[in-house]
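Please have the sequence and the 3D view open while reading.

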Amino acid sequence: MRAQPTASHFINGKYVEDTEGREIECIYPATGEVVAKLHSATPAIIEQALESARAGQKIWAAMTGTERGRVLRKAALIIEERNHELSVLETLDTGKPLSETLYVDATSGREALEYFGGLAGSLTGEHIQLGQDWVYTVREPLGVCVGIGAWNYPTQIACWKGAPALACGNAMIFKPSETTPICALKVAEILHEAGLPAGVYNVVQGYGDVGAALVGDARVDKVSLTGSVPTGRKVYAAAAEGMKHVTMELGGKSPMIVFDDADIEDAVSGAILGNFYSSGQVCSNGTRVFVQKGIKKAFLKRLKERTEQAVMGDPMDEATNFGPMVSANQMNIVLGYIDKGVEEGAKLISGGKMAKRDGFFVEPTIFADVTDEMTIAREEIFGPVLSVLDFETEEDVIARANDTEFGLAAGVFTNDLTRAHRVAAAFEAGTCYINTYNLAPVEAPFGGSKASGVGRENSKEAINHYSQVKSIYVAMGPVEAPF
Ligand code: NAD
């Protein structure tokens, strides 16, 4: 299988190559085959991207919001037409099964372009009357934005960062994860096909050093990172040196609380969605499943039965609904955590092994009798490992759910209306769910609190993170001065 793009980078409206850059191999996780070889950006490539973004941004910002929105919406239509081709690429890049990518990845990218394309024409400032004087505000773009992606949702991340940035009149330089370099190039190609001026959306490949070079450049005004907390700390610190705007979408160890009165099938569905979708490689996963004692036996029985129905196999076969880890490295990290869970005394209920097949497959794994201090209950695993913890009272479970440095997401399953809202209010997390889990519609803000991040993606909130307000005071009378 091949997924070789025309060239490694997309700059100033066209594909660009520089084979001097360190090689990046794109490996299909279901077989271990190399499906594409690309090159990390050299300083010359980074320079080209920065200069073209600066020039393109001026042209783009001079257009009306309606004109900008039209380009984004046209790109959304092209994505819809090419959904199958883009989904196959996403599957090759990540190993996620087609049964997911056909419905989620390009689709979610398309929705971001549609949504922010729709908003672009209605971004306004305000008028503040002060007696005879008045102030008006103007919402201005920030300039050149750098987007840095993780490997779990390469098409979605390229669009979630690009769409609001472009709607506000910025240019973007996007650096995909070195593990999944292919999909963002297609997003750039399609945006330009839809009429985007050259230089407004550029893709440069590279490892962390390329990201760091972009973040440190004085010509960059904003950095939006999706990645782990340790990377987030480094990127946030480097951005602070230049006083740049930031959005940080980082990791999590989110709680999901199931009360005795919950609908068991819904709660089990939530736990499956929040732990095994994309083989557990989702930042907002509810990996600490707190189950109230009275429902524990029935919950574990149904969770095990349903998890064992997962269809692991060739991701290109639409009957498969559980794919491999993105890389051998990630597989080994996950297997290491499973060993730790067993060592520290958690009870293995299901899975726990590498699958006996090519590629980087780990079985969907369930642990019960997990306690708060175990490593699997404290650290982000980013794989298909679900931990069930017992609890008795609401007060106790809220304190334990919040006892983490992370604050990305949290969920509660209960049929008690007031308890549902009380618990949601008590969660220290940016994205909360009542009687469902892991939905991320473009209309709703998404992001974390505490160490899980800064800023929000999606919704009108994202506009505030890709624009700044200028206020202009207009005096209508004589100027009074003390002397
Ligand atoms: P990572 O932190 O290893 O890498 C993320 C990106 O940062 C990559 O593109 C990498 O090349 C780049 N990078 C690394 N060092 C850098 C530096 N010093 N300066 C600039 N860029 C640098 O993360 P990953 O392994 O690719 O992704 C998994 C992590 O991402 C998990 O922690 C997961 O929770 C998180 N994630 C968060 C969200 C969210 O929306 N909150 C979504 C997806 C993934």
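## The ligand and its shell

How many residues surround the ligand, and which are the closest? In this predicted model, the ligand is surrounded by 27 residues. The closest are Gly149, Glu178, Ser228, Thr231 and Glu380.

By type, the shell around the ligand consists of 13 nonpolar, ten polar and four charged residues.

## Polar contacts of the ligand

Ser228, one of the closest residues, has an N or O atom in its side chain that is 2.7 Å from an oxygen atom of the ligand. An oxygen atom of the ligand is also 3.2 Å from a polar backbone atom of Gly227. For Ala212, a polar backbone atom is 3.5 Å from a nitrogen atom of the ligand.

## Cover and contributing elements

On its own, the ligand has 850 Å² of accessible area, and the protein covers 86% of this. The most comes from α8, which gives three residues.

## Gly117 in helix α5

Gly117 belongs to helix α5, which covers residues 105-119. Is Gly117 buried or exposed? Its relative accessible area is 2%, so Gly117 counts as buried, the limit being under 20%.

Apart from neighbours within four places in sequence, Gly117 is in contact with Gly69, Leu72, Arg73 and Ala112. Leu102 is 15 residues from Gly117 along the chain, and the C-alpha atoms of these two residues are separated by 22 Å.

Notes. Residues are numbered from 1 along each chain as its sequence is written. This is a predicted model: local features need pLDDT of at least 70, side-chain atom pairs count only at pLDDT 80 or more; totals for chains, interfaces and linings use all residues. Side-chain values use heavy atoms; hydrogens and water are left out. A residue is near a molecule or strand if one of its heavy atoms lies within 4 Å of it. A polar contact is a pair of N or O atoms within 3.5 Å; within protein, one must be able to donate a hydrogen and the other to accept it, and residues adjacent in sequence count only if both atoms are side-chain atoms. Accessible areas come from the Shrake-Rupley method with a 1.4 Å probe; for residues, only the protein chains shown count as cover. Helices (H or I, at least four residues) and strands (E, at least two) are DSSP runs, numbered from the N terminus. Ala, Val, Leu, Ile, Met, Phe, Trp, Tyr, Cys and Pro count as nonpolar, Asp, Glu, Lys and Arg as charged, and the others, Gly among them, as polar. Buried means under 20% relative accessible area, exposed over 50%, partly exposed in between (1.4 Å probe, protein chains only). Contact means heavy atoms within 4.5 Å.
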